[in-house]
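This report covers aromatic ring pairs and charges placed over rings. The structure is shown below.

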Amino acid sequence: MTETDGSVSAANMKVDGDRLWDSLMEMAKIGPGVAGGNNRQTLTDADAEGRARFKEWCEAAGMTMALDRMGNMFMRHEGNEPELDPVYIGSHLDTQPTGGKYDGVLGVLAGLEVVRSIRDMGIQTRRPIVVVNWTNEEGARFAPAMLASGVYAGMHTEDYANAREDADGKKFGDELDRIGWRGTEDVGGRPMHAMFEYHIEQGPILEAEGKQIGVVTHGQGLWWLQVTLTGKDAHTGSTPMNMRVNAGLGMARIIEAVHRIAMDHQPGAVGAVGQANFYPNSRNVIPGKAVFTIDFRSPDLGKLTSMRDRLEAEAPQIAADLGLGIEIEPVGHFDPVTFDPQLVDIVRNTAQNLGYSHMNIVSGAGHDACWINRVAPTVMIMCPCVDGLSHNEAEEISPESATAGADVLLHAVLDVAEVVR
């Protein structure tokens with residue numbers, strides 16, 4: 001790292017960790033959960049309020065906003081050579097219904113803090129820096145996850161995204177219009193020199209290994225398969241056991257099969273059912289319908305494909321044995337990801353130079369970086385979270401962890417954006 005023209009050198013360039021933490025706590029006040037976390041689901045009024053607060057903070061830091069038709073927010077800090085492709089820092093502000101205060105939000109607000117710190121220290125870069133809030137990363141309200149970054153990367157069409165419906169039948173496009181955050185910029189095609197995403201690990205490995213920084217080399221691939229089983233509603237007390245067409249029983253047997261299939265593909269494979277609904281969902285009615293989503297993941301494409309193939313072979317047989325109708329619909333997918341080796345080296349060397357303990361890690365969760373990696377060089381940085389807990393209101397990180405990762409982010413971004421003074 002080159003020295004600036006003032007007293008700020010590579011050795012003492014740091015983010016303001018207290019300001020970053022204060023920003024996280026302020027954002028957490030928007031869309032509070034019931035148990036200390038957040039419920040700021042995408043395209044809700046709380047999401048709109050969070051976006052407005054982020055925009056206000058960015059503009060106060062001298063940044064300008066562009067907004068595309070998926071509602072992706074691009075906050076630009078100008079470089080000395082505006083014609084050069086910018087360096088991007090991005091994640092998401094939306095949360096799970098019972099989400100934590102840091103998942104995604106840390107990456108967005110750390111990006112803002114990088115720009116604030118650069119301005120405070122009088123640092124200028126050749127390349128512009130753009131901080132991004134990607135719309136609907138979580139996929140909790142509108143499946144699939146990473147929807148808007150997926151459109152940006154050409155994995156989905158805008159029509160497909162706009163037609164996604166939530167549990168109440170409300171469409172993504174209508175809700176984006178309703179909250180007033182649809183822009184006019186075309187989706188995709190922005191020049192990107194590189195993109196960084198800083199995120200909590202959402203798993204226990206870094207904490208267990210006593211490491212401050214995760215250098216993310218790969219991301220797991222994923223299949224989300226929505227299964228619909230159709231049986232016959234009937235009275236639980238008066239219908240003989242041998243005359244039932246029980247969709248709930250079919251779901252139970254397929255859930256067991258999901259576990260068995262994942263176990264048969266060890267090591268490096270996982271599978272579970274995380275979302276499930278019975279219909280009519282009455283205590284004295286045998287379920288006539290069950291709808292649930294299977295989540296298979298692996299960094300090995302062969303294992304990922306094999307798990308889906310096994311499920312699609314075994315589940316119809318389970319349904320047939322019980323007299324059930326079955327439909328299996330893919331509702332989310334991406335192949336395993338290999339992040340840009342040069343950027344990975346920069347992150348690793350930066351952590352080393354700053355004296356932070358670090359290790360290579362594979363991301364167990366999907367992130368917007370997984371899609372953007374298809375159209376631009378991309379890398380992820382992770383910090384540990386307490387007990388590996390995420391997608392839970394009890395999700396927690398320490399201010400020290402947040403600051404350490406943000407310092408690595410600052411120095412790595414400045415390396416790539418090229419400090420001039």
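## Basis

A residue is called buried if its relative accessible area is under 20%. The model is predicted.

## Stacked pair: Trp21 and Tyr102

The count of aromatic pairs comes to 7. In one of these, Trp21 and Tyr102, the ring centres are 5.6 Å apart and the planes meet at 25°, so the pair is stacked; the cut-off for stacking is under 30 degrees.

Trp21 belongs to helix H1 (residues 17-28), while Tyr102 is in the loop between strand S3 (87-91) and helix H3 (105-120), so the contact ties together parts that are 81 residues apart in sequence. Both Trp21 and Tyr102 are buried.

## Edge-to-face pair: Phe142 and Phe172

For Phe142 and Phe172, the ring centres lie 5.6 Å apart with the planes at 85°, so this pair is edge-to-face. The cut-off for that class is over 60 degrees.

Phe142 sits in the loop between strand S4 (129-133) and helix H4 (147-152), and Phe172 is in helix H6 (residues 172-179), so the pair ties together parts that are 30 residues apart in sequence. Phe142 and Phe172 are both buried.

## Aromatic cluster

Four residues, Phe74, Tyr88, Trp134 and Tyr152, make up one aromatic cluster.

## Charges over rings

The charged end of Arg308 sits over the ring of Trp223, at 4.1 Å from the ring centre. Likewise, Lys289 has its charged end over the ring of Tyr279, 5.5 Å from the centre of that ring.

Notes:
Residues numbered from 1 in each chain as written. Predicted model: local features only at pLDDT ≥ 70, side-chain atom pairs only at ≥ 80, totals over all residues. Heavy atoms only, no water. Phe/Tyr/Trp six-rings, centres within 6.5 Å; stacked < 30°, edge-to-face > 60°. Helix = DSSP H or I, 4+ residues; strand = E, 2+ residues; numbered from the N terminus. Buried < 20%, exposed > 50% of the residue type's maximum accessible area, 1.4 Å probe, protein only. Lys NZ or Arg CZ within 6 Å of the ring centre and 35° of its normal.
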